[in-house]
Amino acid sequence: MTLEKYVEENEYLIEKFNIKAYLTKKNYAVVGALAALEITNEVQKYFASIMNKENDLSARLMHLYGFLQSLFVSIDGLYELAYLISGSKKFININQNKDLRNLKHIRNDVVGHPANRNTRQQEAAYCILDKNSMTNTTFTYLICKDKEIIKKEVELIPLVTAYYEETNSLLKSLLNISNQTLGNSHLILLINNLIKRYPYPNYLNDLDIIYNDYIEKYNNKEIKNRFVWRYSLIKEIAKFKHIEINKDLKEDVIYLQLAKLYNIITAKVLNKTSHGDTIKLTYRFLRKNLDLYNERVYLCDMSHPFFNETLNKFMRRAKNNKTVTYYLDILAKLSDLGYSDLVYAYALPIKNFKK
């Protein structure tokens, strides 16, 4: 599908929402989110119309800044719309889209904080746009740090295409929810029963029932759907056999994903205070090493520039702690094998640690 077709589809989907009904109910939050998406879509419509035209440097710079900022605003609008209509921002799956996750980094580098790109307290970075290399659809910039200079080459068409694929899929799902009058009472009952009894031998069979009922209700099997992705992730964790992983850790990791499904269905947060030994001992380690607190989030994303550095730093600090070293080694092995979703899932308990 061409970029122009994506833009047209996006415009059509936004207009399909019953804005008049939301105005009647004085639900200005939904109307505002849809209005923001409509406006940013106009920006992308303009970008599509000029991407093959000759432009001077000033015009290319203005287009680049507008392009990156408008997509960033669009993502915020999508999160808000998903929350307002579905009751949960977890309904949206943008953070698992590699291109859109990369878009956030690029926007912060080039438009957000180029002159002071502090990513860590102990290390500053500066982003320099190579304006002479710019075209309407590509550009290059440098990330300059004391110890290294990293060159980034960016193509805009894949970024905007990834945005529209994600956005249009999400809008279709949100339309289904918006147009339905039936509640989630049956799904809430099923997920509550599963959570109360977990772990038990046949929980995956019960999870399949919940999945099938959810798909029937919302008519969306696309993996980009947040519920579908969480469900698929649980199945992948359960069947994964390439690395031997402690039962208590695997059960805790799956429980966190079940809690995410619970949140999507009920719009409520499920809190669990008890953990298995692996996570308990890891939390004890983290409480003794609170200077690592801000860096723990990098362990959830193996594509993040600081993933390997952070993992190595944690492993050096935990070298005399057998349990934590074992846990971190699982993340290292999963990363080496290329299982990005599993790295996220197994690092999530570390990310969830609170001081």
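This is a predicted model: local features need pLDDT of at least 70, side-chain atom pairs count only at pLDDT 80 or more; totals for chains, interfaces and linings use all residues.
Residues are numbered from 1 along each chain as its sequence is written, and side-chain values use heavy atoms, with hydrogens and water left out.

A pocket is an open set of points on a 1 Å grid over the protein atoms alone, where a 1.4 Å probe fits, with protein on both sides within 12 Å along at least five of seven lines; lining residues have an atom within 4 Å of a point. The lining has 18 residues, and Leu256, Val269, Leu270, Asn271 and Asn352 are the closest to the centre. Helix 10 (247-266), helix 11 (277-288) and helix 14 (340-352) each give two or more residues; helix 10 has the largest share, with six. By type, the lining holds eight nonpolar, four polar and six charged residues.

Strand 2 (residues 138-144) has five of its seven residues buried, that is, under 20% relative accessible area with a 1.4 Å probe, protein chains only. Helices (H or I, at least four residues) and strands (E, at least two) are DSSP runs; two strands pair if DSSP finds at least two bridges between them.

| Partner of strand 2 | Sense | Bridges |
|---|---|---|
| Strand 1 (residues 126-130) | antiparallel | five bridges |
| Strand 3 (residues 149-155) | antiparallel | seven bridges |

Isoleucine 128 stands opposite leucine 142 in strand 2, while phenylalanine 139 has valine 154 in strand 3 as its bridge partner. Four residues lie between strand 2 and strand 3, which form a hairpin.

Key. Buried means under 20% relative accessible area, exposed over 50%, partly exposed in between (1.4 Å probe, protein chains only). Ala, Val, Leu, Ile, Met, Phe, Trp, Tyr, Cys and Pro count as nonpolar, Asp, Glu, Lys and Arg as charged, and the others, Gly among them, as polar.
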